[in-house]
Every structure is written in C-alpha cells, then in structure tokens.
Amino acid sequence: MKAAPQFADWLSRTNDVTSRFIGAARIPGLINVAGGLPDPSLFPVDALADIAARAIREHPQDTLAYGPTAGNPELREALAAKFRARGVNVTAENVLVTASGSQALDLVGKALIDPGAPVACVFPTYLGALDSWRPRDPSYRHIDLADPAATRTALDGARYAYLIPNFSNPTGHLVDLEGRETLLAAATATGTPIVEDDPYGALYFDGPRLPTLLELSARGTDGPYEGPVIHLGSMSKQLCPGLRVGWVVAAKETIKVLSTAKQATDLCSNGLAQMMTLGAFQSGLIDAVHPKAIALYSARRDALCDALKTHLAAEFEWERPVGGMFVWARARDRSLDLDALVERGVEQGVLVGPGHVFDPLKVDGPALRLNFTLNDEERLATAMQRLKAAMQATRRKAA
C-alpha cells in the first residue's frame, strides 16, 4: 500500500472557479460569459508564425537556449522605451520579464509577504491575485478610495496595496484621477508600495486615457525612477495569452529582488515567446491589432449591456464600463443564492462568474462578473436570455 503524501494546508483553501471558467469553453453548447477570455479571431496567426520562424532561424541562441533570468535584454529595453515615451525615466534595469502577469503576482507575493502580513486591496479584486498569494497566507484590508483618511489607514503598515485601476477585474471599474492621486498620497505618507496591475490598460473604448499610477508617481522627478509603484503588464490582452509574456516595471532595487525570486521559480522565461513579443513590437503588429480589438470589444460591451437591460433589468443593476472586458451586475435581491444561480445557469446553457469569489471580505453584495469579449453579439443576447431562465428556475427551487 502506497503512503499518501501530506499536502500543504493552503491547498484545502483554494478554489476551482478559474479552471471551471477556462474549461467551460469545451462544453458543447454552453455559452461562457464567466472567464476573462479574448476573442481568438483577433490573434494574428500568420504574422506571429512568420515572426517565430524568423526568430528561430536568425536568433537560435536567444530563442532555444537558456536566457537571462530578468529577460531578453532587447525586449527589456523595448519595454523601457515605451514607458519613457510616457514620461517615466526607466531603463532596461527597471524591467523584469515574466511568464505573464500571473507569474509577476506570484513573485510579488514571494518577495513581499510573510505569513499573516497585511495586504491592502480594493475589493472586489482579481481572483488570480488571491490565488497567487494564498500559499503566503496574508491578511487583507479593504481600500476605500472615496475616503482619503480610510485609504491612508488601510495602507499604513501594509506590505503593499494592490489594485487594477484600469477596468478592474472583476468590476470593470475605472479609478478616476482623484482616486489615483488619493492612493499615491497615502503611499507617500505611509511608505507603502503600490502594486498596479494593468492588463487592460490598452482597452479604452470611451473617453481619454488616464495616466497610470506609475506615470503619476514619476511626474516632477529627476533621475531614474525610484518611486513606490510596482507596475505589472502583460501581452495576454494586447496580443494573445498563449505567449505567456508579462513584465514588471519598478525601481531597480525592487527588480533585483523580484529577479532573485524568479530565478528560484523558473530560472528564465521562454526565449521564443520573448523574441516573438519583441518582433511584434518592432513590426508594429501590436499597434495593428489594437483598433480591431477596440472596435470588436466595444460593440460587444454595448450588446451585453443592451441584453441585460432587455432581459434582467428587474433583477440586476450595473454600470456600462468605458473599457476592459467585464460588466459587474449587482443583484437587486441581496439574498440571492449565487451558487444556485450559477448551477441553474449551467443547466440552461450559460456559465456566469459568481461575485463572492472575488470578495472574501464581503465588501459588496451578491453580484455576477460577466465577460463580453469572447462571444459575439448574438451569443451574448442568447446568454442573457438563458440567465433570465436560470433566475426563474432558481426562484422556483427556493420557493
């Protein structure tokens, strides 16, 4: 008889929601509006195939051999140049290339969290971040950006503050300029770093682009960037998620520490993926894909909100996001059993995201995260029809 291994305690506290979101795409007939998935029709397949083939032939060492832990030097410099163009005085030494934004979150937790240490977040927040840090067993505080004094209190003594200012996952909320300045003022007063997660920053549909926290913190400073912001970015929503290429931009000392943590994780990132990303930057491919994504996703945002209004206005309230990938639909009935609704939804042929998994502090009430980027307008309308039927079935079973 084989002895069973003793697994770490944190595994008993994790969830299967993310894997369900992704795996649902393989269930015949089920419309998945739960996961944060881009539309594969936007992937520039032929152009990327050409870039990959050329990179392997012309740069076999960079694509197929071990590489520097901190990332391909040319890619690091290309990323630094993009931020310099926005007024942030950084060099390649301020940039760490990661295996997508997910690894960046893991490295932040590995480098900054001790068991029980406080982390300040704007709740509801990204489930992937909570999953990344669960093995570190932090405690959490909610940041209320509408209240400067409360914001400062939340940050005081925290290891860092975490938020997604541009079209938050899960709520789609855009933090306004006042809220960003409030957070930076609190960080300056308390000495607490800010982890700015920005996977959706390129997906503005309406209105002018707001400066990132990194850009705001660099204003009026001379010399290399040494501010409090640890900025995370990714190719997943700008080009395609399968590349698994992300980055961290921060003070040089922070990059050194995170690089040490990364060395013990994977030694180095995928060389071919990095060279493909560099080629996409240099060829203008990312800029060519961007307007297509904005046109497609903004139309789908409108379609989802219109379908909600047609079928579910009596059951939910929501705000039309000005960018990103999600609509946050709050239940008018604060006693709604979300788990039952999700189960009835699968029976009706639609998968939705239960809001409580993003909100462990229960700051918000029952809500659904609804994605509009993966499905076309007709499927989104059908999904909301099915969700309406699931609501009716949930009420019947509760009666």
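What covers the buried residues of α7?

A: The model is predicted: local features require pLDDT of at least 70 and side-chain atom pairs pLDDT 80 or more, whereas totals for chains, interfaces and linings use all residues. Residues are numbered from 1 along each chain as its sequence is written, and side-chain values use heavy atoms, without hydrogens or water.

The cover over the buried residues of α7 includes the strands β3 (118-121), β4 (139-142) and β5 (161-163), together with helix α8 (177-190); contact here means heavy atoms within 4.5 Å. Helices (H or I, at least four residues) and strands (E, at least two) are DSSP runs numbered from the N terminus.

Helix α7 itself spans residues 148-155, and its buried residues are Thr-151, Ala-154 and Leu-155. These three lie on the same side of α7 because they cover an arc of only 95 degrees around the axis, the arc being that of the directions from the helix axis to the C-beta atoms. The other side of α7 carries Ala-149 and Thr-153, which are exposed. Buried denotes under 20% relative accessible area, exposed over 50%, and partly exposed in between (1.4 Å probe, protein chains only).

Both ends of the helix show local detail. At the start of α7, Asp-147 places a side-chain oxygen within 3.1 Å of the backbone nitrogen of Ala-149. Just after α7, Gly-157 adopts a positive phi of about 85 degrees.

Two of the covering strands, β3 and β4, pair in the parallel sense over four bridges; pairing requires at least two DSSP bridges between the strands. Within this pairing, Pro-118 has Ser-139 of β4 as its bridge partner. From β3 the chain passes through helix α6 (residues 127-133) to reach β4, in a right-handed β-α-β crossover.

Another helix, α9 (residues 213-218), contains Glu-215. Glu-215 is buried, with a relative accessible area of 6%. Neighbours within four places in sequence aside, Glu-215 is in contact with Arg-86, Val-88 and Arg-209. With the side chain of Arg-209, the Glu-215 side chain makes a polar contact at 3.1 Å (a pair of N or O atoms within 3.5 Å; within protein, one able to donate a hydrogen and the other to accept it, and residues adjacent in sequence counting only if both atoms are side-chain atoms).

Methods:
Right-handed = clockwise from strand over helix to strand, strands pointing away.
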